[in-house]
Amino acid sequence: MPRIVAVIEREQVLHVARLARLRLNEAEVEKMAGELSGILEHVDRIGELELDDVPPTSHVVDLENVLRPDEPRPSWPRGDVLAQAPDPADGAFRVPAPRDED
Amino acid sequence: MAELLELSVAAATGKIAGGEISRAEYFDAWRDAAGGDELNAYLWRAEEDSAGGEGPLGGIPVAVKDLFCTEGVVTTAGSRILEGHRPLYTATAVRRLGEAGAGVLGKTNMDEFAMGSSNENSAYGPVLNPHDRGRVPGGSSGGSAAVVAGGLAPCAIGTDTGGSIRQPAALCGIVGLKPTYGAISRYGMIAFASSLDQCGPLTRDVTDAALLLEAMQGQDPCDSTSVGIEGGIRAPRGEDLSGLRFAVPAELAHDAIEPGVRAAFEATLKRIEELGGEIAETPLPHAEHGISAYYVIAPAEASSNLARYDGVRYGMRIENEGDVVEMYEATRAAGFGDEVKRRIMLGTYALSSGYYEAYYGRAQRVRTKIAADFAAAFDRFDFVVTPTSPSVAFGLGEKTDDPLAMYMNDFFTVPMSLAGIPAISIPAGRAEPEGGGPELPVGFQIAAPAFAEQGMLDAAYVLEQALDG
């Protein structure tokens, strides 16, 4: 397990922002580095706990394999769905073209 | 007119069903009241009476947090990115209220995507606390708490991920209930942290909270994690608290709590003893790590849930000369506020390669420990009680520059959320804020084992009657 590093550097902020598809301006990058470091410094206290034999909890209610009847039903009308879109075209969602990446 | 607005929801349904007051008269009286909103608590208000049906809530207007999808009615989750968004369907909780005879009075302001404890993170401006307009109402269901406390709605619903119903209820001096995870369907609730989000009522008294909970709870095929409350919920009752055991976390003695809040809490414990309840300390050693675990788990889930806002299928889009990725980045940069960006960053970091086990994995293990602490307490006690919030309502702008200080507002409410258990906040005295000034409401939190809402409501009802007297 990697050692927890509380200080978030500028480069890490930019890397995480890219992963999150968030564009941050210069001021936001600086501010975010400081704020995330402060929050993670607090969070790092859980590093002191002995947790190796403790199972993780992802869900609190004891449920498994909840199934509903497999009955066909109509989908949302395509026009209604597309009416919510910023740029519908030809019965689909139009987006700017992806750039070729080599 | 004024007397109509004084009626509790339970009393009003009786008078409406008995023909003493007409549905339209009652609904319109509340529409007029809502129209006088000076707290920035509503984002949308009904233009006509929509409470058509018969049922246990026949004729009752309900204020609905803007996190719930309402078909054809603008639903923004307090975010710029969903400005003007009209959902194609209605959330199950809201639909069920309608089936019980209620109608939507308005959509209430909130922290953006339910991320916040002061309502200052709304893209549509902060909500003001009706007790002191220079102070926050709490959050994230700040609008729902403010409309009930401010006489702008007879009752409201909100959502609670780490305290977002209980804390604003406490700061506004009303009742707020977070049910057991799974009691009410999450279908149509705009997702923040899916393993924690739960819908619940904000009301003027405990009886009304029970009424709304019963209308909304139940299994829903559209939410596979919903199970409902077996046997349902009846009106709370009880004369005293004899035979009931209340646990106070032993660690509470060292926790940072405003002196006035601590005094009000201790006075309430005394009332519990006078009513025949037993009080003892019990250790909840991992509760203090609740904030750490929560501020990893909730942002991690949020970073995944909020990936859907990409300017493609709904909501706003910022077009530029760039490719599709640049469109995503520009749209999200312009559409999300500071706190949402902070949590997306925090969550993405915690889930990123190399850090997943150190943060998310460990936080999930802490979650197990916190749930085990509660389970051990409930072996010996019926309830765990704490102040709902470490402070009374604080000033607008007081904590906006310090995210961690803001997160500490959730100190007493987050552990129950992580354990998935129900908890209710009821008004219990008032206290002078730190730094002086007129006294403000204090909330008292009662937590119970999973699906033990009925016993929790009964105890809260007895205590409420005693504190009122």
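User: Hi! How many helices and strands are there in chain B?

Analyst: Chain B holds 15 helices and eleven strands. This is a predicted model, by the way.

User: Thanks. And how compact is chain B?

Analyst: As compact as a globular protein of that length, because its radius of gyration is 21 Å, close to the 23 Å that the globule rule gives for 469 residues. The C-alpha trace spans about 70 × 55 × 45 Å along its principal axes, and buried residues make up 65% of chain B.

User: Nice. What is the strand order in the open sheet?

Analyst: The order in chain B is β1-β3-β2-β4-β6-β5-β10-β11-β9-β7-β8, with mixed pairing.

User: Which are the edge strands?

Analyst: Those are β1 (42-45) and β8 (278-282) of chain B, each pairing on one side only.

User: How do β9 and β11 of chain B run?

Analyst: They run antiparallel, joined by four bridges. In that part, B:V384 stands opposite B:A447 in β11(B).

User: What does helix α7 of chain B lie across?

Analyst: Helix α7 (residues 206-216) lies across β4, β5, β6 and β10 of chain B, at about 145 degrees to β6(B).

User: Switching topic: how many residues does each chain give to the contact?

Analyst: Chain B gives 57 residues and chain A gives 45.

User: Which element has the largest share on the side of chain B?

Analyst: That is α12(B), with 13 residues. By class, the side of chain B that touches chain A has 28 nonpolar, 17 polar and twelve charged residues.

How values were computed
Residues are numbered from 1 along each chain as its sequence is written. Chains are lettered from A and ligands numbered from 1 in the order in which they are written. This is a predicted model: local features need pLDDT of at least 70, side-chain atom pairs count only at pLDDT 80 or more; totals for chains, interfaces and linings use all residues. Two residues are in contact if their C-beta atoms, placed from the backbone, lie within 7 Å. Helices (H or I, at least four residues) and strands (E, at least two) are DSSP runs, numbered from the N terminus. Ala, Val, Leu, Ile, Met, Phe, Trp, Tyr, Cys and Pro count as nonpolar, Asp, Glu, Lys and Arg as charged, and the others, Gly among them, as polar. The radius of gyration is taken over C-alpha atoms; the globule rule is 2.2 Å times the number of residues to the power 0.38. A residue is buried if 20 or more other C-beta atoms lie within 10 Å of its own, exposed if 12 or fewer, and partly exposed in between; C-beta atoms are placed from the backbone. Two strands pair if DSSP finds at least two bridges between them. Axes are lines fitted to C-alpha atoms, for helices over the stretch in contact, and angles run from 0 to 180 degrees between N-to-C directions.
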